[in-house]
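Let's take a walk through a protein model together. Have a look at the sequence and the 3D view, and then we will begin with a question.

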Amino acid sequence: MSAVAQVDRQPVAATGLDYDAIVIGAGMSGLYQLIKLRELGLKTRVFEAGTGVGGTWYWNRYPGCRFDSESYSYGFSFDKELLKEWSWSEHFASQPETERYLNLVADKYDLRRDIQFRARVVAACWDEQGRRWTVELEDGSSHTARFLITAIGALSAPTMPNFPGMADFKGQSFHTGMWPKQPVDFAGKCVAVIGTGASGVQTIQEVAKTAAKLVVFQRTPNWCAPLHNAKIPPQEMDEIRARYDEIFKRCEETFSCFLHTPDPRNTFDVSAEEREAFLEKLYGERGFGIWVGNFKDLLTSRAANEEVSRFVANKIRQRVKDPKVAEMLIPKNHGFGTRRVPLETKYYECYNQPNVTLVDSKATPIERITPSGIRTSDAEYEFDIIIYATGFDALRGAFDRIDFHGKDGVTLKETWKDGATSLVGMMQDGFPNMFMLLGPHTALGNIPRSIEFNVDWVTDLLRHAQRTGTTRIEATEEARAKWMEHVMEAAKGLLSMEVDSWMTGININVAGKQTRIVARYTGSAPTYRAWANDIAARGYEGVTLG
Ligand code: NAP
């Protein structure tokens with residue numbers, strides 16, 4: 001693979017600054033942003049807490065971790081040469097393959113020379129007079145730059161429960177989002193998994209293969225659907241490669257950048273037989289079709305949602321032999337798709353295995369972690385390994401871990417005390433020259449598609465700043481308020497807004513995050529992009545350039 005031409009870097013202007021730009025995080029967004037900033041000739045430093053690149057795909061190396069988006073819709077689209085040369089081995093690639101892929105990108109563009117690893121950013125302060133950010137690292141060092149770009153992920157601040165006795169456990173314990181690099185052997189071991197979200201489901205189905213005993217502590221069942229993963233033989237990969245333009249064009253047009261998009265019909269527009277056949281087809285298809293390619297009223301009509309939930313509940317009943325266990329696995333407090341649907345491979349069949357037990361930890365809550373295992377309200381269990389698949393302080397959690405001080409020393413935490421706000425997820429008034437690549441209320445969905453858009457948008461704005469000699473960029477309060485009005489409007493009438501999940505800002509493990517809010521942008525990705533593009537097309541209306 002040939003290296004791409006490097007654009008000469010200009011020296012930092014005579015400003016006394018260490019860098020033109022600092023990027024926090026070397027995941028997919030940080031890597032792509034670094035490539036684009038080099039194109040602008042900006043001297044850039046990326047600070048990364050881990051010891052390698054990859055972000056989500058660096059930290060989440062738990063057993064069974066893999067894409068839920070089709071691999072070929074998830075990779076970077078900006079480098080045609082890379083698209084030609086890289087082969088995905090499966091329709092939904094595993095974490096090791098994705099980590100290899102991102103390392104290849106880092107090698108190809110020689111990115112590591114501008115990345116400082118083991119460098120956790122703890123604070124960032126804006127200096128109005130100097131028009132610069134000072135970034136502080138955990139090691140006490142500080143670094144200055146004109147621009148600050150956060151590439152810190154949307155699901156990157158893992159949360160642990162606070163059961164008494166956790167520190168006394170004598171066995172091994174891990175959080176899925178902070179999995180160690182050395183392999184963990186489950187053979188012959190007694191293993192507990194706490195949590196049954198997308199991470200828990202992927203972990204459970206893998207651990208169940210070798211553990212002597214696996215006990216799953218489920219507080220709320222989730223509606224899961226089959227992934228239908230398969231290998232991609234070389235000839236099929238060639239065919240996929242030939243369709244890349246079409247694939248990425250489709251991702252640009254769909255509601256949430258997946259290959260799937262809502263069916264134009266409503267659930268009850270069709271006969272019962274047609275409906276059953278359509279749902280059967282979706283249940284048999286790869287990926288998120290059953291969630292994001294379902295009837296268009298799935299997430300707005302209660303009756304429609306009940307109909308699809310009934311269909312999926314019956315599938316669970318067919319797949320789980322013990323009817324009592326099947327009922328435990330069927331969600332009763334929320335409808336299908338109103339939380340993120342975990343995709344699975346023989347997940348439900350795990351509960352037919354003699355080595356797997358399901359515990360309802362709402363009925364019999366975990367009371368404490370003991371030195372040898374877990375005590376619930378009605379039993380005592382012994383374990384060698386406890387796996388916490390307890391999720392993340394989503395969306396703004398990664399921001400809350402850094403002490404951001406904006407104009408007049410006001411902190412981001414204070415600014416967001418009644419809920420995070422932003423202008424198109426990328427800027428916040430009061431925090432000049434700071435750009436958020438996966439900030440609150442950006443489009444999420446198939447995340448790399450949103451990352452590429454956001455990085456390009458920020459890069460265009462910085463290019464504009466270079467051309468116009470601008471050294472200070474800040475969103476206006478009015479533009480931010482108008483965007484937030486649209487964010488609130490888009491969430492109206494959605495059944496998902498009635499349900500507790502990270503998507504509605506609930507995180508029981510984090511103090512102060514138990515109130516339902518509009519935590520993410522729920523409109524379509526094309527609408528999001530049109531809004532952001534419109535700002536640029538109007539000469540950055542809603543942004544003060546100085
Ligand atoms: P999650 O969906 O928030 O699930 C956390 C689980 O832990 C829930 O079952 C929760 O129960 C349980 N839990 C949390 N605290 C608990 C406590 N104190 N006691 C008992 N149970 C507790 O987190 P996740 O599974 O890590 O997934 C988060 C998101 O990451 C996903 O929705 C998805 O967007 C992304 N993800 C993507 C992939 C992929 O694309 N392949 C894979 C994994 C994750 P309750 O439901 O009762 O709160």
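How many nonpolar, polar and charged residues are in the lining of the second largest pocket? The lining has 13 nonpolar, seven polar and five charged residues; here Ala, Val, Leu, Ile, Met, Phe, Trp, Tyr, Cys and Pro count as nonpolar, Asp, Glu, Lys and Arg as charged, and the others, Gly among them, as polar.

Before going on, please note that this is a predicted model, in which local features need pLDDT of at least 70, side-chain atom pairs count only at pLDDT 80 or more, and totals for chains, interfaces and linings use all residues. Residues are numbered from 1 along each chain as its sequence is written, and side-chain values use heavy atoms, leaving out hydrogens and water.

Now find two helices (DSSP runs of H or I, at least four residues, numbered from the N terminus). Helix α16 (residues 447-468) packs against helix α18 (residues 525-537) at an angle of about 10°, and their axes are 11 Å apart. Axes are lines fitted to C-alpha atoms over the stretch in contact, and angles run from 0 to 180 degrees between N-to-C directions. The two helices, α16 and α18, are therefore roughly parallel to each other, a label for angles under 35 degrees.

Which residues of α16 meet α18? They are Phe-453, Asn-454 and Trp-457, and their partners in α18 include Tyr-528 and Arg-529; contact means heavy atoms within 4.5 Å.

Notes:
Parallel < 35°, antiparallel > 145°, perpendicular 65-115°, else oblique.
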